[in-house]
Amino acid sequence: MASRTEAPSLAGGVVKGSSTLGIITGSGPEAGLDLWRKILASARRPRGGRRYRGDLDAPRVIVASEPELGLSMDLKRHEDAVGDTMERCARLLEDAGVDYYGVACNTLHYFAPRLDALGLHARLVSLADVACDEVRRLGVDRVGLLGIDNVIAMGALSPYRALAEVATVVTTPHVDALMSVIHTVKTDGPDADGLADRWAAVVDSVDADVVLLACTELPLLPAPPESDKQLVDVTELLAAELARLAREGDGGAGGGAGGGGGGSDGDGDGGSGDGEGTDVPAASREKRQETIGKIVQRERRLAAEFANLQRGSKLDVEVGMCGDELDHWVVRLRERHFPEETALRGDMAHLAADWPGGVDHILLEVFFPRSYPRDPPFIRVVYPRFRWRTGHVNWGGSICLETLVNTGSPAGYKPHLTVETILLMVMFNMTQDTEGTVIKAGRIDFEREREFDRLDYSLEDGIENFARIAKDHGWDRQLDAARAGARTAEEKPAGLDELGRDFSARRADAATTSFK
């Protein structure tokens, strides 16, 4: 991913090829101003013997400030509206030529997977990612986290869930007092009467020596003078990373995405696979870095989706990776995951109580193609076998829903759909009769289990039957239309045959996977 906008080549002026930065703000507009000030302060610091030479060395920054993002304070009620606004802001920055952007609000990073799914050139730099990197750098095994209630709860709405894999995370026991402090900063400013004492009491209540300020209003408050805790301004970490990417210009995507960057300081002087002085043609370098950026976006999306299902998901399912493959999962569905009045739940109870081998769950296997999230995952039942034409499980075990095909139609797959949402749709359709079709609510086929003398479906049968049913429904024709209408070869969704070959080549024994 390389910068599309090159600064004018002026003597002693802007570094050639520097990247354009973006800021999304509005949930506390002062936080957007604060992030911009900190980006500029970081850009002014001397690095690698290079000194800041004035205005022409300042990074180019585009700011999208949207008041509707203030609804994020009650994200449970306004998730759809806020998510749509975030997408609109990201596209605005994309159209303005932005290469990297930050969001000046911790809560809004909940939408990171959705923004990544847009497949934009502009790359989101995550507050949560830079916070995890800083905790690793500090080498602490216990860290405090202060932010709004959704963030510090470390549930599905918190972007900091991955932090629990780095250190033990604690917060204040006085959440109401913390929320009051944040609200006062928003309404009356950081200098409001009595606010300093209230803030000091909250900080003192956190049982950790290092405390992350995971709300963009909190760094606006001065550190309590008598506290010996190290307060880490996550906004400042984000600003430093954005400033580094701006300095590195065309090398920024390579360095930030795991290759081609400069030294540890980020000033680009440490030798580069893609920097100036190489013989790599500019077009080839840009194409390679764009590919790296897409790979990084895909892996970040998959990691976030997996973490969400493991911690805090309302689905409460067991999920595991096949080996170390981030794009190959297995999921267990148990009796509790289906409504009490459904026949499938009754079959699950019978399966667990009476069936040889004590199988007490439905095992799903999930493959994510290399083109994910642009193209949907392939999901199949490994075991037990379902009765024919029930539960949207075909004869070979694959889940047949138009939602799992990139047809381009309103009912087809959309890149913003989370894995959690897709699994909810699969579970719902397993228990419903489909009006106007021969598909009935899911039932386990106990007779066929005996006939086949085995519980599991084969992957090959699943792929073959999915392709056949897609053709019967005309989904393959819609898929061809979507491919024909795509503007470039890179944007065309993968065909069913391509996906089938991809999944078959990466076959693993899902039934023996260890669940985490």
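Which residue stands opposite Val331 in β11? The answer is under point 1.

1. **Strand β11 and its partners.** This is a predicted model. Leu364 in β11 stands opposite Val331. Strand β10 (residues 325-334) and β11 are joined by seven bridges and run antiparallel. β11 is also joined to strand β12 (residues 378-383), here by five bridges, and this pair too runs antiparallel. In β12, Arg380 stands opposite Glu365.

2. **Burial of β11.** Strand β11 covers residues 361-367, and seven of its seven residues are buried, so the rest of the structure largely encloses it. In a regular strand, side chains alternate between the two faces of the sheet. In β11, His361, Leu363, Glu365 and Phe367 point one way. Ile362, Leu364 and Val366 point the other way. Both sets are buried. Note that Glu365 is among the buried residues and is the one opposite Arg380.

3. **The parallel pairs around β3.** Strand β3 (residues 100-103) sends Tyr100 and Gly102 one way and Tyr101 and Val103 the other. All are buried. β3 pairs with β1 in the parallel sense over four bridges. Val103 in β3 is the bridge partner of Ile24. β3 also pairs with strand β4 (residues 123-124), again in the parallel sense, over two bridges. There, Arg123 in β4 is the bridge partner of Tyr100.

4. **The four-strand sheet.** An open sheet is formed by four strands in the order β6-β5-β7-β8, with parallel pairing. The edges are β6 (168-170) and β8 (230-233). Each has a single partner strand, so one side of each lacks a neighbour in the sheet. From one strand to the next, the twist averages 30 degrees. Strand β5 (residues 142-146) pairs with β6 over three bridges in the parallel sense. Val170 in β6 is the bridge partner of Gly144.

5. **Helix α8 on that sheet.** Helix α8 (residues 234-248) packs on the sheet and touches β7 (210-213) and β8. The direction of α8 makes about 45 degrees with that of β8.

6. **Helix α4 against α8.** Two packed helices are described by the angle between their axes and the distance between the axes. For helix α4 (residues 127-138) and α8, the angle is about 100 degrees and the axes are 9 Å apart. The pair is therefore roughly perpendicular. From α4, the contact is made by Leu127, Val130, Ala131 and Glu134. From α8, Val234, Thr235, Leu237, Leu238 and Glu241 take part. By class, the contact residues divide into six nonpolar, one polar and two charged.

7. **Helix α1: length check.** Helix α1 (residues 29-44) has 16 residues. At 1.5 Å a residue, α1 should span 22 Å. Its end C-alpha atoms are 23 Å apart, which agrees.

8. **Helix α1: buried residues.** Which residues of α1 are buried? They are Ala31, Gly32, Asp34, Leu35, Lys38, Ile39, Leu40, Ser42 and Ala43. Asp34 and Lys38 are both in that set. The buried residues of α1 pack against β1 (20-25), β8 and α8.

How values were computed. Residues are numbered from 1 along each chain as its sequence is written. This is a predicted model: local features need pLDDT of at least 70, side-chain atom pairs count only at pLDDT 80 or more; totals for chains, interfaces and linings use all residues. Side-chain values use heavy atoms; hydrogens and water are left out. Two strands pair if DSSP finds at least two bridges between them. Axes are lines fitted to C-alpha atoms, for helices over the stretch in contact, and angles run from 0 to 180 degrees between N-to-C directions. Contact means heavy atoms within 4.5 Å. Angles under 35 degrees count as roughly parallel, over 145 as roughly antiparallel, 65 to 115 as roughly perpendicular and the rest as oblique. Ala, Val, Leu, Ile, Met, Phe, Trp, Tyr, Cys and Pro count as nonpolar, Asp, Glu, Lys and Arg as charged, and the others, Gly among them, as polar. The expected span of a helix is 1.5 Å times one less than its number of residues. Buried means under 20% relative accessible area, exposed over 50%, partly exposed in between (1.4 Å probe, protein chains only).
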